[in-house]
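Student: Could you take me through one part of this structure in detail? I would like a close look at the aromatic rings and how they pair up.

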Amino acid sequence: MLRVCNKQTADISNINFQYLCQLVYQHAAIVLDVSKDYLAELHLKPIAETAGFGSLNSLVEHLRSHPFSNLHVRAIEALLVTETSFFRDRYPFEVLKNFTLPELISRRAKERSLKIWCGACSSGQEPYSLAILIREHFPLLTTWDLQIIASDFSSHILARARQGRYSQWEIQRGLSVELREKYFQFQQQQQNWQIKDKIRQMVEFRQINLIHPWLSMPAMDIIFLRNVLIYFDTETKKSTLKKVRQQLRPDGYLFLGGGETTIYLDESFERIQQEGGVCYRLR
C-alpha cells in the first residue's frame, strides 16, 4: 500500500520520497508525516555518502531497484522518530509512584514478581527512568523477580540504549541534578554521562517490531507504549491494542502517550484517572 507524501525539498524527487514513505509503512507501519521530509535529508545523506552514492536520489533509486537488504533496514531505521527524554511528561511516573506500583506490590506480595515492558524505547531514557524510580522509591522490588524489558525496532538505537551513554543535552532533559549525580558518572574523555551499572543491568533490551508477533514475551504487569500509536493508522492501532490486551495480565496497567487513547479503538480497556495522570486497564 503506497502512503502518499508531499514534499518540497529539491534534494530528493517526489517519487523517491513517496517510495521511502511506502518502505517505512510496509516494514514499521509508521505513516511518515509530511513535515518529516527533512529526516530524509538529515539522516539518509550520511548513509548515502558512506555507501558510496553521489546523491540522496541515487541511494533511493538503488533501494527501489534492488531486493530488500541491510541497506533498506538502515534507511528505515534512520527515518523513524527517536525523540525521548528522561521522565518524559512526568505524569506517568507520578501515577506509577503514587498508585500503580503500590497497588501491584500489594497484589504481588506472595509471588514477589513484577514484569514491566517499554515498547519503542528509543535510546533508553524511559526504561532507565523506570529503573531509577524503582531504586529511589521501591527498593524492595530489587529483591523480587523484577524484569524490565525495553524494545525497539531499530538495532542501531538499541545499541545506544544498551550502552547507557548520554550527552550533556540529553542528561539535563528531565533529570534532576540529584539523580544525575547519584546514578550517572561523567566521562571526561568522551564528554558524556554513563549510567551506572546498577541501573543499566536492571533493563533487558530486545529488538521487537510492534507490527510482528511478540514472541517469547512474558505476561506483563505494566506496559508502557507511549507516543507510538500516534504514528500508526487506525487499523494498525487496533491490531496493536489487541496484542497489548493479550500480553497484559488481567489486573495490569497500560500507559499511553498524552495524545493517545484506546477510546473508539478497543473497548476492552477502561480509562483510569488518577491524580496527575491517566492509565488504562482491562475491563
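Tutor: Tyr128 and Phe205 are both buried, in a model that is predicted. A pair of aromatic rings is described by the distance of the centres and the angle of the planes. In total, the structure holds ten aromatic pairs. Another of them joins Phe93 and Phe224, and this one is tilted, at 5.9 Å centre to centre with 50° between the planes. Here too, distant parts of the chain are linked: Phe93 belongs to helix α5 (residues 91-107) and Phe224 to strand β7 (residues 220-225), 131 residues apart. Both Phe93 and Phe224 are buried. These two rings also belong to one aromatic cluster, made up of Phe87, Phe93, Phe224 and Phe255.

Let me return to helix α6 for a last stop. The loop between β1 (113-118) and α6 (125-137) is the place of Ser122. Ser122 counts as buried because its relative accessibility is 5%, and buried means under 20%. Leaving aside neighbours within four places in sequence, Ser122 is in contact with Thr82, Thr84, Asp152, Ile157 and Ala161.

Technical notes. Residues are numbered from 1 along each chain as its sequence is written. This is a predicted model: local features need pLDDT of at least 70, side-chain atom pairs count only at pLDDT 80 or more; totals for chains, interfaces and linings use all residues. Side-chain values use heavy atoms; hydrogens and water are left out. Helices (H or I, at least four residues) and strands (E, at least two) are DSSP runs, numbered from the N terminus. Buried means under 20% relative accessible area, exposed over 50%, partly exposed in between (1.4 Å probe, protein chains only). Contact means heavy atoms within 4.5 Å. Rings of Phe, Tyr and Trp (its six-membered ring) pair if their centres lie within 6.5 Å; planes under 30 degrees apart count as stacked, over 60 as edge-to-face and the rest as tilted.
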